[in-house]
Amino acid sequence: MMMRPSCNGESPISLGRVMMRYLLGAILLIEMVASGFRLRADALSMNYYIMTCPMIEGIVRNAVSRALQDDPTLAGPLLRLHFHDCWIQGCDASILLDSTKDNTAEKDSPGNLSLRGYDLIDEIKDELEDQCPGVVSCADIIAMAARDAVFLSGGPIYDIPKGRKDGRRSKIEDTINLPFPTFNSSELIRVFGQRGFTAQEMVALSGAHTLGVARCSSFKNRLSKFDATHDVDPSLDSDFAQTLSKTCSAGDKAEQPFDNTRNDFDNDYFQALQNKVGLLTSDQTLYDTPRTRGIVNAYAMNQAMFFLDFQRAMVKMSLLDVKEGSRGEVRKNCRTIN
Ligand code: HEM
């Protein structure tokens, strides 16, 4: 049984807690099956690589664990990489393809320029190619790395079906469909609804912002509404507005954590929203809008409820428009099609 490494100087979690997480994960899966949850991708399964690459789980988890020990701030980027992959063209590793002279790929769109984690995915792919050549898709590697980053940062443990194929299309113009940080709650409910997510699942997924940072360019819109003498944005705490102004004085790329515990997967993010110190418009709106405020309050009060909803929504997200059979391939190199 693996122990979580200490990424933040705290003592490692106890074996009992790890076992409890495994148990909760197993209960969740049984519950999902019992409640009629069906995998839309019929060829995918939890044991997809059991015969062809049995060491896969350990290889991915150890690589992510080593990477987070070196750089705990990588957990957020790994999780975000998975979201940005799945949202555009489905979970098919389209985000990993490099631009060519004839094609500008997704990763070079403005909304994706601050993504990180590509080198770690390459490293894991190389190791898997050594162990089981031509078997494991890059799309599965991203999904597993994100899942492990969540767990290793203190979040829930859960399993995901494997067997996604890698796509052959990656175009900058497709990324227009990523949600904007200036979206309000209604817009978020609409765009997530178009992908089959409920408002509650959208709020749970937004809880991913418990990890990581945003750059000034993503939240400076909130400052234009704010003036030091007249607090014209009642949803923004005035001290926090000063902090954001200070951050932005260092330029558009200056970073601000989403909450006080940027490397820990917890429910601080939701408490921040209650305290009017949510970072993006799309974060704070979840508390400011009556339709989603109750969900924020529930997650802020009950971390176990957030974890359960989050892992359930993540499994669902990891199945968005997955490619099977000849609709995709297993790339030899995650950055180029075969
Ligand atoms: C609800 C709609 C969402 C919007 C509008 C949104 C927008 C953003 C923006 C603008 C950033 C900062 C980018 C930058 O300034 O460099 C960010 C960061 C992040 N997003 Fe989202 N996001 C959303 C949902 C999600 C979801 C569903 C996930 C994962 C399941 C996710 C995971 C992350 C993570 C972990 C970071 C921090 C990355 C880092 O530290 O580098 N986001 N998001």
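Arg-215 is placed in strand β1, where helices (H or I, at least four residues) and strands (E, at least two) are DSSP runs numbered from the N terminus. The structure is a predicted model, in which local features need pLDDT of at least 70 and side-chain atom pairs count only at pLDDT 80 or more, while totals for chains, interfaces and linings use all residues. Residues are numbered from 1 along each chain as its sequence is written, and side-chain values use heavy atoms, with hydrogens and water left out.

With a relative accessible area of 17%, Arg-215 is buried, a term that denotes under 20% relative accessible area, as against over 50% for exposed and partly exposed in between (1.4 Å probe, protein chains only). The side chain of Arg-215 makes a polar contact of 3.3 Å with the side chain of Glu-255; such a contact is a pair of N or O atoms within 3.5 Å, of which, within protein, one must be able to donate a hydrogen and the other to accept it, residues adjacent in sequence counting only if both atoms are side-chain atoms.

Arg-215 is also among the closest of the 25 residues that surround the ligand, together with Ser-114, His-209, Val-213 and Ser-218, a residue being counted if one of its heavy atoms lies within 4 Å of the ligand. Two or more residues of the shell come from each of α3 (75–87), α6 (185–194), α7 (199–206) and β1 (213–215), and α3 gives the most, with five residues. Because domain 1 (15–178 + 319–327) and domain 2 (185–313) both give residues to this shell, the ligand lies between them; the domain bounds come from an automatic or database domain assignment.

Two further residues were examined. Ser-109, found in the loop between α3 and α4 (118–131), counts as buried at 1% relative accessibility, and its side chain is joined to that of Thr-175 by a polar contact of 3.3 Å. Phe-270, found in helix α11 (residues 268–274), is buried with a relative accessible area of 0%; Phe-270 and Ala-300 are 30 residues apart in sequence, yet 4.9 Å apart in space, C-alpha to C-alpha.
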